[in-house]
Amino acid sequence: MAEDSGGGGGPSWAFGSRYNGLDIDQQELEWTTKESSRGNNGKKRTANRLTQKEIQFTKLMKVDSYNGPRFLTLKRTDQDETMKMVSPFFIRKAMNNITPNITIVRTKDGGLLLKTVDRQQAEKLKKQKVFGGIINIEISEHPTLNSSRGTIFCPDLKMHTDEEILDELSSQHVTDVKRVQRRNKKGDFEDSGVFILTFDLGHLPNSIDAGFHCCKIKQYIPPPLRCMNSTAGSKPSNQQHSDEFYEDLR
């Protein structure tokens, strides 16, 4: 006896479904495969989006590090003349006539410390020889505020000299390379694979390309200064100084 195929009273498998000819196990296997493929595709798309965001962020960090603010020093070239007695209103108006948005701070030696927005402003200011039309000046790069130092660990670079490494990394704003050595068990010095890099940038980049190596950069922390008299002997430095003081009195 044929079962009713019309209306809503018949079973679900009687309406021409594509799963009519499949067993229950085969149906479950096909459904599971579809769901897993959808989930994997979603994960791949999310991973691709995250990777693209990380790449864009890294590029922006490199651009900002290179085109970031620069620090300059302004000094008068007239003999025995400084900027101490120059009015701050005059300084601000004269600076705005050259370029706006410059941060100005007076220094103890009578000069001015300038902070620019980017390198373009710094290059424009360094060309100025007269300030406000009446004051002869000289503007130059600050010796320390425009550089940064970081360390990388790359044992594969031990085969090269510091000059060769500097020549290869100079295109990435590296101005100096210094390798770190350590003592081995025999007491001899050997390369540790750590290199101290000096950059012509106000902020350290996240990484640097050394050939096919992508080396992560860490901030360089110099060792603390020590008194050789206090570390070489058994007495503290203040005790040694006091002994010398009393010997002079005798």
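The sulfur of Cys215 lies 4.0 Å from the closest cysteine sulfur, which belongs to Cys154, and this is too far for a bond. The model is a predicted one. A disulfide would need the two sulfur atoms within 2.5 Å. The structure holds zero disulfides. Both cysteines are shielded: Cys154 is buried, at 3% relative accessibility, and Cys215 is buried as well, at 5%.

From here the strands can be followed. Strands of a sheet pair through backbone hydrogen bonds, and the pairing is either parallel or antiparallel. In this model, four strands form an open sheet in the order E7-E8-E6-E11, and the pairing is antiparallel. Strand E7, residues 174-183, and strand E11, residues 218-219, stand at the edges; each has a single partner strand, so one side of each is left without a neighbour in the sheet.

Inside that order, strand E6 covers residues 148-153 and strand E8 covers residues 189-199, and six bridges join the two in the antiparallel sense. Two of the partners can be picked out by name. Ser148 has Phe199 in E8 as its bridge partner, and Ile152 has Phe195 in E8. E6 also pairs with E11, in the antiparallel sense and over two bridges. There, the bridge partner of Thr151 is Lys218 in E11.

Helix H4, residues 162-169, lies across E7 and E8, and it runs at about 145° to E7.

Which residues does Ser192 touch, leaving aside those up to four places away in sequence? Ser192 is found in strand E8, and the residues it touches on that count are Phe153, Val180, Gln181 and Arg182. Ser192 is buried, with a relative accessible area of 12%, which is under the 20% limit. A polar atom of the Ser192 side chain lies 3.4 Å from the backbone nitrogen of Val194.

Other strands pair elsewhere in the chain. Strand E1, residues 71-76, and strand E5, residues 135-141, run antiparallel to each other and share five bridges. Within this pair, Leu74 has Ile139 of E5 as its bridge partner. Strand E5 also pairs with strand E4, residues 130-131, in the antiparallel sense over two bridges.

Phe131 leads on to an aromatic contact. A pair of aromatic rings is described by the distance of the centres and the angle of the planes. The count for this structure comes to one aromatic pair. The rings of Phe90 and Phe131 have centres 6.3 Å apart and planes at 85°, so the pair is edge-to-face. Phe90 belongs to helix H2, residues 88-98, while Phe131 belongs to strand E4, so the pair ties together parts that are 41 residues apart in sequence.

Asp80 is found in the loop between E1 and H2. Its phi is near 60°, a positive value in a residue other than glycine. Asp80 is exposed, with a relative accessible area of 74%. Asn101 lies in the loop between H2 and strand E2, residues 103-106. The phi of Asn101 is likewise positive and near 60°, in a residue other than glycine. Asn101 is exposed too, with a relative accessible area of 60%.

Notes
Residues numbered from 1 in each chain as written. Predicted model: local features only at pLDDT ≥ 70, side-chain atom pairs only at ≥ 80, totals over all residues. Heavy atoms only, no water. Pairing = 2+ DSSP bridges. Contact = heavy atoms within 4.5 Å. Axes fitted to C-alpha atoms, helices over the stretch in contact; angles between N-to-C directions. Buried < 20%, exposed > 50% of the residue type's maximum accessible area, 1.4 Å probe, protein only. Polar contact = N/O pair within 3.5 Å; in protein donor to acceptor, adjacent residues only side chain to side chain. Phe/Tyr/Trp six-rings, centres within 6.5 Å; stacked < 30°, edge-to-face > 60°.
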